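Welcome, and take a moment to turn the model around before reading on. We will walk through it one region at a time.

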Amino acid sequence: MKKLYQKNELTFAILWIVCYVVLFSLADSLSEPTGIPKVFTLFLSIAMAAVLIGFICRNGLKEYYGLCPVRGSLKSYLYFLPLILISTCNLWNGLALPENLPKALPAAVTLAIAGLLEELIFRGLLFKAMCRDDQKAAIIVGSLTFGVGHIVNLLTGAPLPETLLQIAYATAIGYLFIVIFLKSGSIVPCIIAHCAINGLSAFGRDAGTLVNILTALALVVIPVAYALWLGRKAAEQNA
């Protein structure tokens, strides 16, 4: 794995993306007959996270991929309050505990770990590899890739309008996560937020079409506004 990484960082990132998508889809399919959603995917996600984090730590890449404390004071990031607000988005319409909570927990934990993996793969491996050639292009492609990647939800039966809304706000949130990583030097706040968004999705209450549209709009406006504010703040500090 180290030889492939040293040979071509971008190829290494793409390989991880392919493995993540294919193996998670396969594990989800194998989990369905058991009656426990994502039970096999849970073990797969833990294994993949352990392998990737172990690789990063063993090769002295923790700071390179942002597995380190935030650079600067929390005040300069508004104490990440907008990020905390976004993290709770799946509970904005209320809390709905599943009837069989023990059976739902593996799915919730798997979704949370998937958030960690997606940050390390998309914001870490892919973004850093692309930054070597063109940082601006990496920001655009990284944000769009993360957003458009949610189109795979159509394969699991998600409605088209709902999927399009998800693509829009996922792109905005992906952009914010990249800005936070760039300005703070840490991917940890993004990991925590992504894990919360994913994990809490298992306990959110369903809402009507209008509420979903308004929620999606808020999840576009808040991340973009916060990202632009962080960019301007950083520019003022460097002036």
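Tyr79 sits in the loop between helix 3 and helix 4, the latter spanning 81-87. Please keep in mind throughout that this is a predicted model.

What is the phi of Tyr79, which is not a glycine? Its value is positive, about 55 degrees. To see why that deserves a look, recall that most residues other than glycine have a negative phi. Phe80 also lies in the loop between helix 3 and helix 4, and its phi is positive too, near 60 degrees, although this residue is something other than glycine.

Phe80 has a relative accessibility of 8%, so it counts as buried, the limit being under 20%. Tyr77 and Phe80 are both buried.

That pair leads us to the other aromatic rings. How many aromatic pairs are there by this rule? The count comes to eight. Another example is the pair of Tyr64 and Tyr65, with 4.8 Å from centre to centre and 70 degrees between the planes, an edge-to-face arrangement. Are these two residues buried or exposed? Tyr64 has a relative accessible area of 26%, so it is partly exposed. Tyr65, with a relative accessible area of 1%, is buried. Elsewhere, Tyr5, Phe12 and Phe55 come together in one aromatic cluster.

Now look at how two helices pack. In general, two packed helices are described by the angle between their axes and the distance between the axes. Helix 3 covers residues 39-58 and helix 5 covers residues 101-131; they pack at an angle of about 30 degrees, and their axes are 9 Å apart. Because angles under 35 degrees count as roughly parallel, helix 3 is roughly parallel to helix 5. The crossing of helix 3 and helix 5 is left-handed.

Which residues meet there? On the side of helix 3 they include Leu42, Ile46, Met48, Leu52 and Ile56, while helix 5 brings residues including Val109, Ile113, Leu117, Ile121 and Leu125. Across the contact of helix 3 with helix 5, 15 residues are nonpolar, three are polar and none are charged.

Ser87 belongs to helix 4. Its relative accessible area is 10%, so Ser87 is buried. Which residues does Ser87 contact, once neighbours within four places in sequence are left aside? They are Ala193, Ala196, Ile197 and Leu200.

Ser143 is found in helix 6, which runs over residues 135-148. With 5% relative accessibility, Ser143 is counted as buried. Not counting residues up to four places away in sequence, Ser143 touches Thr171, Gly174, Tyr175 and Ile178.

We finish with Leu164, a residue of helix 7, which covers residues 160-184. Leu164 is partly exposed, having a relative accessible area of 48%.

Conventions: Residues are numbered from 1 along each chain as its sequence is written. This is a predicted model: local features need pLDDT of at least 70, side-chain atom pairs count only at pLDDT 80 or more; totals for chains, interfaces and linings use all residues. Side-chain values use heavy atoms; hydrogens and water are left out. Axes are lines fitted to C-alpha atoms, for helices over the stretch in contact, and angles run from 0 to 180 degrees between N-to-C directions. Helices (H or I, at least four residues) and strands (E, at least two) are DSSP runs, numbered from the N terminus. Angles under 35 degrees count as roughly parallel, over 145 as roughly antiparallel, 65 to 115 as roughly perpendicular and the rest as oblique. A crossing is left-handed if the near helix is turned anticlockwise from the far one by less than a right angle, and right-handed if clockwise. Contact means heavy atoms within 4.5 Å. Ala, Val, Leu, Ile, Met, Phe, Trp, Tyr, Cys and Pro count as nonpolar, Asp, Glu, Lys and Arg as charged, and the others, Gly among them, as polar. Rings of Phe, Tyr and Trp (its six-membered ring) pair if their centres lie within 6.5 Å; planes under 30 degrees apart count as stacked, over 60 as edge-to-face and the rest as tilted. Buried means under 20% relative accessible area, exposed over 50%, partly exposed in between (1.4 Å probe, protein chains only).
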